Amino acid sequence: MKERITVLGATGSIGCQTLEVLALHPERYEVVALTAGHRWRELAEQCLRWRPRYAALADEQATVELRNHLKAAGSDTEVLAGHQGVCAVAGLDEVDTVVAAIVGAAGVRPTLAAVGAGKKILLANKETLVVTGALFMDAVKRHGATLLPVDSEHNAIFQCLPRDGVDQGVRRVLLTASGGPFLGWSAEQLASVTPEQAVRHPNWDMGPKISVDSATLMNKGLEFIEACWLFDMPPERVDVVIHPQSVVHSMVEYLDGSVLAQMGTPDMRTPIACALAWPQRIASGAPSLDFATLAELRFLPPDEQAFPCLALARQAMQAGGAATAVLNAANEVAVAAFLDGGLGFQHIGSVVANTLDALPGGRCDDVDEVMDLDSRARDLARQQVQGLGR
Ligand SMILES: NC(=O)C1=CN([C@@H]2O[C@H](COP(=O)(O)OP(=O)(O)OC[C@H]3O[C@@H](n4cnc5c(N)ncnc54)[C@H](OP(=O)(O)O)[C@@H]3O)[C@@H](O)[C@H]2O)C=CC1
Ligand SMILES: CC(=O)[C@@H](O)[C@H](O)COP(=O)(O)O
Ligand SMILES: [Mn+2]
């Protein structure tokens, strides 16, 4: 029997690359449901190509357009409306595996719906783990869900860890960071950065939000938090090293000094295929790493003065409770404002720092409380954006 798949965030960078991998293995996988935010034309095209039983769009108005379009095209895909619809297809009985590839905290409830239904979850949406941390990991255990990391660094660490748990002599994990498009730039140079420059990542072709996060190093901050939760690692055993080539995707160091690294071309189809088939291996479509043309593999420490977001993420994780949810909410507001031209690149870290000062987080006992904190943090961050501007 084929493995039945839902792709949340199907129209995005990870969603499209997931479909590329699935297309290589029609005998193995069946696409049951596809979702998107508001881009109904892109989702309609995917529905006509993949003929899923269900589709869902977060935007209610766009849902009407999608329904009309698919009906006119003779499609029998059932279209579910709104955020509820997206959550519903994440927990369908007739689905085995959910690829969580929505961007931002919008992915929290759909991903948790998949966890609540005990699915195998391929997690790309790191913000869900940053926002809900312990609540998410507890839910995974309680519902017997299976969690497989898709984020390239975490997928690399997952591959380098011992199969039977992290206490088998692991000293620390090392997350590699490309350094983004502004590696080596001073704080003064960063003041004039434009959105077009910021989304041009040197090694990866990704959605705009994560591309800006890579440029500020907040992506590595979010990934640091993600690694602590995923691998049950205390913050002091997770280090970050800049590696501009993005060929070593991350490493695990053992007590005897051995360092295991996972390498490959910077191509997300590799971790996607790895997570899809684990513990088996399938073709991903990614090219082989050509060692003959690899000029160098460079490693250097991050510049935390010019790029303060990494330290902010570390502080929020050390603070505990829901501080990381505040960090994430403020960052999402700041990045959206930067992409809209309403905030200077150098102010993204200030919005996050000031929001964390005003709203430290504290304890949240359930996801409703966390999402309430998330919206209060967004209000405060918007005020910061107004004050700081360009
Ligand atoms: N891209 C990459 O290489 C990597 C990405 N990740 C992580 O994966 C996640 C997705 O990233 P990426 O694919 O780059 O992002 P994109 O912006 O390319 O895609 C985001 C997807 O989420 C959908 N979406 C946006 N808002 C909502 C919403 N409110 N409700 C439901 N769906 C929504 C979008 O729909 P629509 O098209 O309609 O807007 C789209 O399908 C992020 O968490 C990112 O950090 C991790 C590692 C690598
Ligand atoms: C592909 C992937 O996993 C991204 O998260 C990537 O790591 C971003 O690159 P940075 O190392 O520049 O943040
Ligand atoms: Mn990553």
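The shell around ligand 2 in this predicted model consists of D151, S152, E153, A177, S178, G180, W204, I210, S214, N219, K220 and M268, a residue being near a molecule if its C-beta atom, placed from the backbone, lies within 6 Å of it. Two or more residues of this shell are given by each of α7 (152–160), α10 and α11. Helices (H or I, at least four residues) and strands (E, at least two) are DSSP runs, numbered from the N terminus. By residue class, the shell around ligand 2 divides into four nonpolar, five polar and three charged residues; Ala, Val, Leu, Ile, Met, Phe, Trp, Tyr, Cys and Pro count as nonpolar, Asp, Glu, Lys and Arg as charged, and the others, Gly among them, as polar.

Residues are numbered from 1 along each chain as its sequence is written, chains are lettered from A, and ligands are numbered from 1 in the order in which they are written. In this predicted model, local features need pLDDT of at least 70 and side-chain atom pairs count only at pLDDT 80 or more, whereas totals for chains, interfaces and linings use all residues.

Around ligand 1 there are 30 residues, of which G9, G12, G37, A106 and G207 come nearest. At least two residues of this shell are supplied by each of α1 (13–23), α6 (126–143) and α10, and the largest share, three residues, comes from α1. The shell around ligand 1 comprises 14 nonpolar, ten polar and six charged residues.

Helix α10 spans residues 208–216 and is mostly covered, with seven of its nine residues buried. A residue is buried if 20 or more other C-beta atoms lie within 10 Å of its own, exposed if 12 or fewer, and partly exposed in between, with C-beta atoms placed from the backbone. The buried residues of α10 are I210, S211, V212, D213, S214, A215 and T216; among them, I210 and S214 also belong to the residues around ligand 2. The buried residues of α10 pack against α9 (195–198), α11 (218–230), α13 (309–319), α14 (323–339) and α15 (348–358). L217, with a positive phi near 75°, follows α10.

Two packed helices are described by the angle between their axes and the distance between the axes. The axes of α10 and α14 come within 10 Å and cross at roughly 100°; axes are lines fitted to C-alpha atoms, for helices over the stretch in contact, and angles run from 0 to 180 degrees between N-to-C directions. The two helices, α10 and α14, are therefore roughly perpendicular to each other, given that angles under 35 degrees count as roughly parallel, over 145 as roughly antiparallel, 65 to 115 as roughly perpendicular and the rest as oblique. In this contact P208, K209, V212 and D213 of α10 meet V335, F338 and L339 of α14, where contact requires C-beta atoms, placed from the backbone, to lie within 7 Å. The residues of the contact of α10 with α14 divide into five nonpolar, no polar and two charged.

Helix α5 (residues 108–116) is largely enclosed by the rest of the structure, because seven of its nine residues are buried. These buried residues are V108, P110, T111, L112, A113, A114 and V115. Their cover includes β1 (3–8), α4 (82–90), β5 (97–100), β6 (120–123), α6 and α16 (367–388).

Most residues other than glycine have a negative phi, and most peptide bonds are trans. R51, in the loop between α2 (40–50) and β3 (54–57), is not a glycine but has a positive phi of about 50°. R51 is exposed, with 12 other C-beta atoms within 10 Å. S246, in the loop between β9 (238–242) and β10 (248–254), has a positive phi near 50°; with 21 C-beta neighbours inside 10 Å, S246 counts as buried. The peptide bond from W278 to P279 is cis, with omega near 5°, and P279 is placed in the loop between α12 (269–277) and α13.

Overall, the protein has 16 helices and eleven strands. Its radius of gyration is 20 Å, close to the 21 Å that the globule rule gives for 390 residues, so the protein is as compact as a globular protein of that length; the radius is taken over C-alpha atoms, and the rule is 2.2 Å times the number of residues to the power 0.38. Buried residues make up 50% of the 390 residues.

Technical notes. Contact = placed C-beta atoms within 7 Å.
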